[in-house]
Amino acid sequence: QVQLVESGGGLVQPGGSLRLSCAASGSRFNAYEMGWYRQAPGKQRELVATITGRGATKYGDFVTGRFTISGDNAKNAVYLQMNSLKPEDTAVYYCNLRNPWVIEGFNYWGQGTQVTVSS
C-alpha cells in the first residue's frame, strides 16, 4: 500500500516562505512524476510543480519563479520551497505521485496540507 506523507504547511505572512515535504512509502518506482497540486475554496485543483525521477520539472504559470521543486530519489521524496508567498497562494496543497506515461498508470494522492498566507 503506497502512502504519501506530507508536511510543512501552515500560516505565513505575505512575502514569507514555506517548505513542503512529501515522502512516499510502500513501494519503489522506476519511472514516475511526483509533485504538488493545490485547491482553493471554490476553485479547481491546479498544478503547482512536479518533478520526474530524471529531474525534469514543470511549474504552474502562476509560480513565476517563486517556487522551486526538488527531489530525492533515494528517499522517494519531493520538496517544494515556496518564497514570496501571496494571499492568493492560500489553498490545500496535495502531493501526487503518478506514472503519466502508460495507460492507467499508478496515481496516488496525499491527504493534503493547508497553506494559509495572511497578515
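User: Before we start, what does buried mean here?
Analyst: Buried means under 20% relative accessible area, while over 50% is exposed and anything in between is partly exposed. Keep in mind that this is a predicted model.

User: Okay, so where does E33 fall, buried or exposed?
Analyst: E33 has 6% relative accessibility, so E33 counts as buried.

User: Which side chain does E33 meet in a salt bridge?
Analyst: That's K58, at 3.5 Å from N to O. E33 sits in strand β4 (residues 33-39) and K58 in strand β6 (residues 57-59), so this pair ties together parts that are 25 residues apart in sequence.

User: And how accessible is K58?
Analyst: K58 comes out at 37% relative accessibility, so K58 is partly exposed.

User: How many salt bridges does the structure hold?
Analyst: There are 5. One of them joins D89 and R66 through their side chains, at 2.7 Å from N to O.

User: Where do D89 and R66 lie?
Analyst: D89 is in the loop between β8 (77-82) and β9 (91-98), and R66 is in the loop between β6 and β7 (67-72), so the pair ties together parts 23 residues apart in sequence. Both D89 and R66 are buried.

User: Which residues are linked with those two in a network of salt bridges?
Analyst: R38 and E46 are linked with R66 and D89 in that network. R38 and E46 form a salt bridge, with their closest N and O atoms 2.7 Å apart. R38 is buried, at a relative accessible area of 7%, whereas E46 is partly exposed at 33% relative accessibility.

User: Switching topic: which residues touch the most other members of the largest nonpolar core?
Analyst: Those are M34, W36, L80, M82, Y93 and L97, out of 28 residues in that core. The elements giving two or more residues to this core are β3 (18-25), β4, β5 (46-52), β7, β8, β9 and β11 (113-117).

User: What is M82 in contact with?
Analyst: Leaving aside neighbours within four places in sequence, M82 is in contact with G16, S17, L18, L20, R66, F67, Y93 and V115.

User: Last one: where is N76?
Analyst: N76 lies in the loop between β7 and β8. N76 has a relative accessible area of 4%, so N76 is buried. Beyond neighbours within four places in sequence, N76 is in contact with C22, A23, A24, S27, R28, F29 and M34.

How values were computed. Residues are numbered from 1 along each chain as its sequence is written. This is a predicted model: local features need pLDDT of at least 70, side-chain atom pairs count only at pLDDT 80 or more; totals for chains, interfaces and linings use all residues. Side-chain values use heavy atoms; hydrogens and water are left out. A salt bridge is a side-chain nitrogen of Lys or Arg within 4 Å of a carboxyl oxygen of Asp or Glu. Helices (H or I, at least four residues) and strands (E, at least two) are DSSP runs, numbered from the N terminus. Buried means under 20% relative accessible area, exposed over 50%, partly exposed in between (1.4 Å probe, protein chains only). Contact means heavy atoms within 4.5 Å. A nonpolar core is a set of buried Ala, Val, Leu, Ile, Met, Phe, Trp, Tyr and Cys residues joined through side-chain atoms within 4.5 Å.
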